[in-house]
Amino acid sequence: MSAAPKLFACPKDTAIVLLGTGVVGCALLRLLATPAASGLYLVGAANSRRQIANARGVVPTQVFAALGASTLPRDDAALLAALDASGASCRVVVDATASGEEAAQHAAWLAAGFHVVSANKAATGEKLSAWQDLHRAAARGAVSYGDAATVGAGLPVLSTLRRLHACGDRLLALDGVFSGSLSWLFNHFDGSRPFSALLRDARAFGYTEPDPRIDLGGADVARKLLILARSAGHALDVADVEIESLVPPQLRDIDMADFLNRMEELDGEIEARRAQAAREGGVLRFLARLDERGRAHVGLTQVAPTHPAARLAGTDNLFALTTQRYQVQPLVIQGPGAGPEVTAQALLGDLLTLRRNVAA
């Protein structure tokens, strides 16, 4: 491995291990090499097979070369040991993966006294019991859990919702477009081209998962809705969210190659719904919705031209929060809700907040 940077300047510096060096992890490594990340020190990094660890520090720009030369297999214990050996007062595990196995470790890391910053929705958007375990573990370990990157790729929706809740404001309704791929599809679906043709374009542009059924099924949107609902004080579990999948039953369990060859079977029903919405003066959007009673729904919805989601463009996400104090007009948060750079910036923002809080 290459020469390590200088030792930590003071105990208030922050030591980090990064799990996941895909597109989001790579973008975070670039940010860690900038002046904005001053005081943040990388002491370990791992992909799914290999890792590097050095309590004296790892150069962010040299992580990929070091991983390529590493013979160390994946071992969380060695990464956590590097955090402990660093001597830093703020020790953080950053999860930039989508791994359920990694997410299942978050509570244990918190209980052991490590902060966790995550873009991984599997820990907070699945079972309610797992969400509750995270909060109990953070309290036991006297540490924090940073999750700004799990919803909206860093748009200030979670922080805003939590601040309103802390101030005694009550969420009356939440409408949102939480998927960049589904946003793009229905922003362009005007009847001039079949839905399947747009879906092929979205896949070619990299907007969807390689298997578009992951987007069309609505489960990822439901996880984001659960995270938001819980942040607003609703103790919802997975089964409490009604999910409408856009994938017809005959296409759900076939292999991906067959699905890609049969995507035209999506067109009939979706076009009929689009045409009906147009006759009634509306448009279709794939919305997540929550009401003040905690009833949650994810699926294709007809909205009026005056609805904020009707005016979206590109892959934008949108969150419209109607509360006791924002009843006449909802509080709308809109912007890029996907992309490695903005997601990595959300991770960096949580890291900097942790560093400031510990230093204080």
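User: At what angle to β9 does helix α14 run?
Analyst: This is a predicted model, where local features need pLDDT of at least 70, side-chain atom pairs count only at pLDDT 80 or more, and totals for chains, interfaces and linings use all residues. Residues are numbered from 1 along each chain as its sequence is written, and side-chain values use heavy atoms, with hydrogens and water left out. Helices (H or I, at least four residues) and strands (E, at least two) are DSSP runs numbered from the N terminus; axes are lines fitted to C-alpha atoms, for helices over the stretch in contact, and angles run from 0 to 180 degrees between N-to-C directions. Helix α14 (residues 267-279) lies across β9 and β10, and its angle to β9 is about 90 degrees.

User: Which strands does α11 touch as it packs on the sheet?
Analyst: Contact means heavy atoms within 4.5 Å. The direction of α11 makes about 35 degrees with that of β9. The strands touched are β7, β8, β9 (283-291), β10 (296-303) and β11.

User: What is the strand order of the open sheet?
Analyst: Two strands pair if DSSP finds at least two bridges between them. The pairing here is mixed. The edge strands, β8 (241-243) and β12, each pair on one side only. The order of the 6 strands is β8-β10-β9-β7-β11-β12.

User: Is β11 largely enclosed or open, and why?
Analyst: Buried means under 20% relative accessible area, exposed over 50%, partly exposed in between (1.4 Å probe, protein chains only). Both faces are covered, with D316, L318, A320 and T322 on one side and N317, F319, L321 and T323 on the other. Because 8 of the 8 residues of β11 (residues 316-323) are buried, the strand is largely enclosed.

User: Which residue of β11 is the bridge partner of L174?
Analyst: Strand β7 (residues 171-177) runs antiparallel to β11, joined by 6 bridges. V177 stands opposite L318. The partner of L174 is L321.

User: Which residue of β12 stands opposite N317?
Analyst: Strand β12 (residues 331-336) is antiparallel to β11, and 6 bridges join them. Opposite N317 stands G335.
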